[in-house]
Number of protein chains: 2
Amino acid sequence: MALLGIDLGATKLASAIFNNDGKLIHKENALLNNREGSAVGRFITGQISGLLDFAEVKGDKIESIGISVPGISNTGTGTVWAPNIPGWTDYPLLSEVKKSAGRIPVAVDSDRACCILGESWQGNARGCRDAIFVAVGTGIGAGIIVNGEVLRGSHDVAGAVGWMALNRPFTNSYIECGCFEYHASGEGLAKVTRQLLDSEKDYNGILKVKEPANISSHDVFEAYEAGDPLADKAVGQAVVYWGMAVANLVSIFNPEKIIFGGGVFGPASRFIPAIMEEARKWAQPVGINQVSLELSGLGSSAGVYGAAFLALKNLNKM
Amino acid sequence: MALLGIDLGATKLASAIFNNDGKLIHKENALLNNREGSAVGRFITGQISGLLDFAEVKGDKIESIGISVPGISNTGTGTVWAPNIPGWTDYPLLSEVKKSAGRIPVAVDSDRACCILGESWQGNARGCRDAIFVAVGTGIGAGIIVNGEVLRGSHDVAGAVGWMALNRPFTNSYIECGCFEYHASGEGLAKVTRQLLDSEKDYNGILKVKEPANISSHDVFEAYEAGDPLADKAVGQAVVYWGMAVANLVSIFNPEKIIFGGGVFGPASRFIPAIMEEARKWAQPVGINQVSLELSGLGSSAGVYGAAFLALKNLNKM
């Protein structure tokens, strides 16, 4: 028996075949090449058909398909809202894929849900029934599993941790993206650095030579590595926010693991001990000693693993 | 068929018999009278025996028993940690009650879990599968149900929302009880008022005549009603914290309802619209429009209703 996991991103599509023990047998990546709307749907179904044939030739029968999407998967209707895919405000992905998948069951979930499912299946949250994946990239979101099941809330928008209120008073800068995301996403880290550049007139370090508008979180981490005092300040602020957020998730969920992943958390992995130190100040004191804070074990493959595990869970439900 | 719900508090024991449609048939209250340790256990089993007999005489056969405890119910061992009952650091309540309950199934859970279970069964969260009970009394805690089941976390300490980090920077005053609880519990509201009395030397209102150490949250609400400016300031601060906490619970859980209850939230019920207004600033904008913020529908009986619903759920599981 084999499982097919599909991970749709904003610009590319990753697909992988797994056996049901979680071993990755085959992986493919393809670019979306600016496809929009239903063309993205056709691209996915084309990819699936190709891989079903491929697997059959190799003697691996695919028995279930899971798809990770970069947005919200509406469990009631099977439609998807994906802000970075033009035309996907309410796209009927599930029914489109089902047409071409025949009798093979299909399940769809959000990328953040799939990331924590992947980590709990084959990554650093293996075997955990209560675990959280905090994805820090351009924005911030979380995939949360409670007693082995994805927390989705009443309308599938649970896990919007980027909106966490962590700093009084409210300012208008929080309106677009939420307080935590404003201060500590990749975008936020760059923004805080730009503001520091603006206010610290005496600063003359390596970030000074960059065009402020072009400064990215990676530049900030690079400058931090080089001992730059402004980068140190910006990163120090982000660590406080990451720590407060971890503390809140610990006090609320009492999880076994919190896994950090997403684009920013390759370079930021060295801050995990500092984040834990900050979290320890704020969190419920029993729960903080029962949690382990770790980096994603699957990196950019977390989504495709999670999609396959989604497929496996869907199969077991039948 | 009938259900027996028992709600153990720090000083008293409430017991009620319900039919399985949730109608309360009979209720009794008893004082603990400074009982400690296993004497409290014996008091509970005595109460249960008496009520089993009482029900039988009335022709109502009790088929399941649920108990709400003021602390943490360890699902693995059946033991209870209850900080306000001397000697209950790891009290084997489940096995003690089972001895005297014979073949009748027994379930135990924390008061915060029981409060939201009660509200979802017969109170203001009726029929909700995703709902939260925020108990504001001396301290602050929450009972959370996710997809109809109580969120307990890896070691039964989930829902410790009083520890939510909402205000930078960290201060040592947060060490004992957490940031949210420090600022916005009944105790916190009184403390903030005392600090304001200390710092606002020009104030000469009705709270000035009180001995600061004796000021309670009820005094603050009373002064607020009378238009006192210092009370207005203290309450205003608490509303901001309550609003931020609601926002965080909405962004994280996407619940249908958040119910406020506990000792402070009789007098504080009038602030629910103001709390919602504050929450709306911070919360994920889709989720905040999908939640309803309400006062407990069961008041001080939420625990005993929840204990009976726990009994019913336990019966249905068998």
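## Two domains in chain A

The C-alpha centres of domain 1 and domain 2 of chain A lie 28 Å apart. Domain 1 covers 2–122 + 300–317, and domain 2 covers 131–296. These bounds come from an automatic or database domain assignment.

This is a predicted model: local features need pLDDT of at least 70, side-chain atom pairs count only at pLDDT 80 or more, and totals for chains, interfaces and linings use all residues. Residues are numbered from 1 along each chain as its sequence is written, while chains are lettered from A and ligands numbered from 1 in the order in which they are written.

Domain 1 of chain A brings 13 residues to the contact, and domain 2 of chain A brings 17 residues. Two residues are in contact if their C-beta atoms, placed from the backbone, lie within 7 Å.

On the side of domain 1 that touches domain 2, strand 5 (72–73) and helix 3 (111–122) of chain A each supply at least two residues. Helix 3 of chain A gives the most, with seven residues. Helices (H or I, at least four residues) and strands (E, at least two) are DSSP runs, numbered from the N terminus.

This side of domain 1 has six nonpolar, four polar and three charged residues. Ala, Val, Leu, Ile, Met, Phe, Trp, Tyr, Cys and Pro count as nonpolar, Asp, Glu, Lys and Arg as charged, and the others, Gly among them, as polar.

## Where chain A meets chain B

Chain A and chain B put 40 residues each into their contact. On the chain A side, helix 7 (229–253), helix 8 (272–282) and helix 9 (285–288) each supply at least two residues. Helix 7 of chain A holds the largest share, seven residues.

The side of chain A that touches chain B divides into 22 nonpolar, 13 polar and five charged residues.
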